Amino acid sequence: MTILDVRSLSRRFGGLQALSEVTFSVDKGEIVGVIGPNGAGKTTLFSALVGLVRPDAGTVILDGKDLAGLKPHTVASLGMTKTFQNVALFAESSVLDNVLTAGLLRHGVDAARREALSCLDRVGLRTVAHKQAGELSFPERARVELARALCTAPKILLLDEVMAALNHAEMAEIMQLIRALREDGVTLLVVEHHMRAIMDVCDRILVLNFGRLLADGAPAQVAGDPQVIEAYLGRSAEKARR
Amino acid sequence: MKRCLALAVVIAAVALLPLLLDSRGYWIRVLTFTLLFAAMAQAWNIVGGLANQTSLGHAAFFGIGAYTSTVLLLKFGISPWLGMLAGGALGGVAALVIAIPTMRLQGHYFALATLAFGEVMRVIANVWTSLTGGPGGLSVPFVPPSFSAYSFKLLRPHAYIALAALIVVTVVFEMIRRGAMGYRLRAIKQNTAAAEVIGVDTTRVKLQAAVISGALIAMLGTLYAQVAVFFDPDTVFGVASISIRIALIAIIGGVGTAAGPILGAFFIIPLEEIMNDLLSSRAAGLSQLVFGIILISVILWQPRGFIVVLGSWRARLARAVAT
């Protein structure tokens with residue numbers, strides 16, 4: 001069953017075509033990776049999906065509902081939210097308050113607090129719940145960001161490089177969490193630079209390059225795609241000679 | 001529990017003050033205005049503290065409240081209590097009207113836009129002579145003293161009404177701060193995009209805060225008119241006399257906290273009076289000069305307000321009790 005259907009999504013920033021006719025769909029319960037070189041349009045794609053950036057053309061259908069013109073908070077209440085690549089916590093608030101605020105989308109303050117504590121449990125940060133968010137290390141902040149997104153009870157969650165700056169053990173924990181979320185019925189769209197991680201955890205991978213969708217397929221298939229290899233590594237010497 | 005007890009003691013102490021002061025005298029008047037300005041700064045604190053939008057135009061709503069109740073009393077004989085509700089409603093509407101175009105602005109731009117709005121209201125009040133009496137101002141007519149007519153022979157009841165108003169506004173502020181709206185406002189203040197993405201309707205929350213704050217300030221405008229008995233556009237719509245003064249009170253006391261505006265008012269309003277009393281006969285402008293120097297020193301000493309000093313005293317006291 002399709003939960004997210006994206007058709008011909010385009011967005012231009014001045015002279016840069018950040019997204020160009022991007023079309024794909026995601027099934028319920030899938031984990032889909034989004035990869036591509038720097039500046040390929042991955043973050044713009046996420047921003048356009050949740051309504052932070054308004055697309056010039058194209059449609060986004062979430063669970064049968066057209067998201068055209070909706071603001072991010074409405075998209076969140078319909079069940080789609082994202083994390084921020086550079087981590088956008090409320091730095092002066094406590095960790096708990098960061099997550100609790102997201103819980104208010106569906107609960108009153110007391111229920112939101114309980115919900116927030118259980119989300120912090122999931123990412124293993126309950127012990128720092130009362131610390132100020134700005135005092136945490138970068139990997140911890142990324143996990144708070146994840147807990148905060150979870151606390152909106154999303155149907156589909158867009159993770160923008162939550163594993164950046166994590167060590168191997170931490171990365172393994174997050175990957176385990178991603179799989180556990182799928183077990184709970186959450187669909188995930190994941191932007192990540194770490195290839196091994198993404199190949200390992202994703203059912204399917206989308207490759208973006210210069211705002212275009214270059215490939216869409218199973219990890220092994222995408223990894224062997226000559227176009228994808230070219231986008232990442234440039235043309236092979238053999239090919240260039242020809 | 002301890003906090004409640006401390007709070008009860010403070011309220012009781014302030015409630016006793018009007019009984020100790022000469023009810024025809026000067027100091028009960030200072031106390032009344034101190035309580036009123038504390039309430040105003042507290043209402044400002046909803047927008048200026050929780051949403052962190054430094055409004056310099058709150059005189060607009062204050063003046064609307066003062067004029068609404070007084071004009072209704074003069075023209076139709078309507079009790080100022082009802083006039084206060086009408087003024088509150090109008091103040092809320094005015095706050096909504098100004099908030100819609102300005103809420104996307106931040107920092108200095110927001111301050112300047114609201115400042116301009118306050119000035120527009122002052123100019124309107126000065127030229128719309130048929131309604132406001134123009135620059136000549138309005139006198140609140142004398143009616144036989146009674147509570148329902150909001151008319152009293154002495155200042156004591158005014159002091160208690162101002163105290164009640166301060167308590168009400170402070171309770172509203174605390175309920176907002178601790179409730180869902182407080183969390184949402186703090187989120188918006190720190191990162192609007194992130195707040196939106198996790199489901200905060202940032203536009204609506206900002207508008208709600210602006211309307212509540214504007215309506216409360218307008219209602220306090222009525223209380224001011226009833227105590228002052230006479231006012232003109234330059235006082236109730238004044239930038240320095242109202243807009244900046246209430247922002248200053250909240251800032252010097254501690255922005256975003258319930259105690260801040262109260263501490264600030266009890267410092268600034270009596271200090272101004274004392275300076276005027278001591279120095280205004282010596283040299284023109286000397287009292288303002290000294291007042292200014294004191295304010296600058298305080299801000300340099302405690303940029304985050306008196307609330308910080310209060311916090312460190314409490315910590316020291318706790319340590320002293322513990323040992």
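Strand 1 (residues 2-13) and strand 4 (residues 57-62) of chain A pair in the antiparallel sense, joined by five bridges. The model is predicted. These two strands belong to an open sheet of four strands in chain A, whose order is 2-1-4-5.

**The open sheet of chain A**

- Pairing in the sheet with the order 2-1-4-5 is antiparallel.
- Strand 2 (16-27) and strand 5 (65-66) of chain A each have a single partner strand and stand at the edges, so one side of each is left without a neighbour in the sheet.
- Helix 1 (residues 42-50) of chain A packs on this sheet and touches strand 1, strand 2 and strand 4 of chain A.
- The direction of helix 1 of chain A makes about 65 degrees with that of strand 2 of chain A.
- Within the pairing of strand 1 with strand 4, five bridges are found, and A:Arg7 stands opposite A:Thr59, which lies in strand 4 of chain A.

- Strand 3 (residues 31-35) of chain A is mostly covered, with five of its five residues buried.
- In a regular strand, side chains alternate between the two faces of the sheet.
- One side of strand 3 of chain A has A:Ile31, A:Gly33 and A:Ile35, the other has A:Val32 and A:Val34, and all of these are buried, which leaves both faces covered.
- Strand 3 of chain A pairs in the parallel sense with strand 8 (residues 187-191) of chain A over four bridges; in strand 8, A:Leu189 is the bridge partner of A:Val32.
- Strand 3 of chain A also runs parallel to strand 9 (residues 204-209) of chain A, to which four bridges join it; in strand 9, A:Val207 is the bridge partner of A:Ile35.

**Where chain B touches chain A**

- On the chain B side, 16 residues are in contact with 26 residues of chain A.
- Helix 8 (180-190) and helix 9 (192-197) of chain B each supply at least two residues of the side of chain B that touches chain A.
- Helix 8 of chain B gives the largest share of that side, six residues.
- By class, the side of chain B that touches chain A has eight nonpolar, four polar and four charged residues.

**Helix 7 and helix 10 of chain B**

- The axes of helix 7 (residues 156-178) and helix 10 (residues 202-228) of chain B come within 11 Å and cross at roughly 170 degrees.
- Angles over 145 degrees count as roughly antiparallel, so helix 7 of chain B is roughly antiparallel to helix 10 of chain B.
- The residues that meet include B:Ala165 and B:Val169 in helix 7 of chain B, and B:Leu216 and B:Leu220 in helix 10 of chain B.
- This contact has nine nonpolar, two polar and no charged residues.

**Helix 3 and helix 10 of chain B**

- The axes of helix 3 (residues 59-76) of chain B and helix 10 of chain B come within 6 Å and cross at roughly 50 degrees.
- That angle makes helix 3 of chain B oblique to helix 10 of chain B.
- The crossing of helix 3 with helix 10 of chain B is right-handed.
- Among the residues that meet are B:Gly63, B:Gly65 and B:Ala66 in helix 3 of chain B, and B:Gly214, B:Ala218 and B:Gly221 in helix 10 of chain B.
- The contact of helix 3 with helix 10 of chain B has 10 nonpolar, seven polar and no charged residues.

Technical notes: Residues numbered from 1 in each chain as written. Chains lettered and ligands numbered in written order. Predicted model: local features only at pLDDT ≥ 70, side-chain atom pairs only at ≥ 80, totals over all residues. Pairing = 2+ DSSP bridges. Contact = placed C-beta atoms within 7 Å. Axes fitted to C-alpha atoms, helices over the stretch in contact; angles between N-to-C directions. Nonpolar A, V, L, I, M, F, W, Y, C, P; charged D, E, K, R; others polar. Parallel < 35°, antiparallel > 145°, perpendicular 65-115°, else oblique. Left-handed = near helix turned anticlockwise from the far one by under 90°. Buried ≥ 20, exposed ≤ 12 C-beta atoms within 10 Å, placed from the backbone.
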